[in-house]
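Open your viewer and get ready to select residues by number. We will go stop by stop.

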Amino acid sequence: MPAPALAAGEQPNSLAEISGYNNFYEYSTDKKAVAILASNLQPRPWQVRIEGEVEQPLTMDIDELTAPKRQVERIYRLRCVEGWSMVIPWQGVPLCEVLSAARPTSRAKFARFVALHDPARFYGQRLPTLPWPYAEALRIDEAMHPLTLLATGIYGKPMPNQNGAPVRLVVPWKYGFKSIKSIVAIRLEESQPTTTWSQAAPSEYGFYANVNPQVPHPRWTQAREVRIGELKKRDTLPFNGYADQVAHLYHGLDLVKHH
Ligand SMILES: Nc1nc2c(c(=O)[nH]1)N[C@H]1C(S)=C(S)[C@@H](COP(=O)(O)O)O[C@H]1N2
Ligand SMILES: [Mo]
């Protein structure tokens, strides 16, 4: 399948850049140390449970998710809330396909994602840096949106450990912290779930976390960003440049209040 032009005209970052500068607090808060520390992740065997408000709970093996016939390629911009960005060529399975297979009930209003909790492998979980396990959530329409990807690889190779092996979420119109790594469970729920970053610092990290250059972080502006590999800052785009595809999801919602 040809890659849709979703980061049109933009040069993807190199694999060395993408796998050498990572936020993965289960290992370290030092972005350049994560790659080495994550060498012990052991991404196989691995399973992901789809549970909660579904007619058909599923346990998906990673080998089912990475079956070549299911893979799509998506080149997306990734914008971290800290003010840097990259362009990353992912492959994976659209999340809507996986959720549809489990047949969400009419009470499924949110999807909650939970990362592995294993301090024997994730050294950083021995420290209370964040409430563990790392958890994130989306509204069900965001989770079912065709741009939302369960990513299992980069540049045609299996997901590097430091990028969230073996399977992580990618939601390209939201700040990077929503794109949770090393997922073991997806639970559909009726009410809005708590999420790691909104629990850790509610005034700084909202539930929605849509990329929005007009809503500054309490400690810095979000108007501009540094593309890794470049020197000059560039303007940050509303919804990270995906407004045409996703702005309709938020019609009538106050995006300052619901940041
Ligand atoms: N489990 C988990 N997922 C995570 C994080 C993390 O610390 N733990 N960091 C997030 C943040 S802040 C960003 S910017 C992206 C970084 O993804 P990358 O390292 O693949 O660029 O992962 C997100 N997913
Ligand atoms: Mo981030």
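Where does P133 lie? Select P133: it lies in the loop between β5 (110-115) and β6 (135-139). Helices (H or I, at least four residues) and strands (E, at least two) are DSSP runs, numbered from the N terminus. Now show the peptide bond from W132 to P133, which is cis, with omega near -5°.

Before moving on, note that this is a predicted model, where local features need pLDDT of at least 70, side-chain atom pairs count only at pLDDT 80 or more, and totals for chains, interfaces and linings use all residues. Residues are numbered from 1 along each chain as its sequence is written, chains are lettered from A and ligands numbered from 1 in the order in which they are written, and side-chain values use heavy atoms, with hydrogens and water left out.

**Next stop: the loop between α2 and β1**

Select P45. This residue is in the loop between α2 (34-37) and β1 (47-52). The peptide bond from R44 to P45 is cis, with omega near -5°. Then pick Q42, in the loop between α2 and β1. Phi of Q42 is near 60°, a positive value in a residue other than glycine.

**Next stop: N240**

Select N240, in the loop between β12 (234-235) and α7 (243-246). Its phi is positive too, about 55°, although N240 is not a glycine. Is N240 buried or exposed? N240 is buried, because its relative accessible area is 2%. Buried means under 20% relative accessible area, exposed over 50%, partly exposed in between (1.4 Å probe, protein chains only).

**Next stop: N161**

Jump to the loop between β8 (157-158) and β9 (168-170), where N161 is found. N161 has 15% relative accessibility, so it counts as buried. Follow its side chain: N161 reaches the backbone oxygen of A38 at 2.8 Å.

**Last stop: ligand 1**

Select ligand 1 and the 16 residues around it. A residue is near a molecule if one of its heavy atoms lies within 4 Å of it. N22, Y25, E26, N163 and K181 come nearest.

Now look for polar contacts (pairs of N or O atoms within 3.5 Å). A polar side-chain atom of N22 lies 2.9 Å from an oxygen atom of ligand 1. At N23, a backbone N or O atom lies 3.2 Å from a nitrogen atom of the ligand. For K181, a polar side-chain atom lies 2.7 Å from an oxygen atom of ligand 1. Taken alone, ligand 1 exposes 540 Å², and the protein buries 98% of that. These areas come from the Shrake-Rupley method with a 1.4 Å probe.

Key: Polar contact = N/O pair within 3.5 Å; in protein donor to acceptor, adjacent residues only side chain to side chain.
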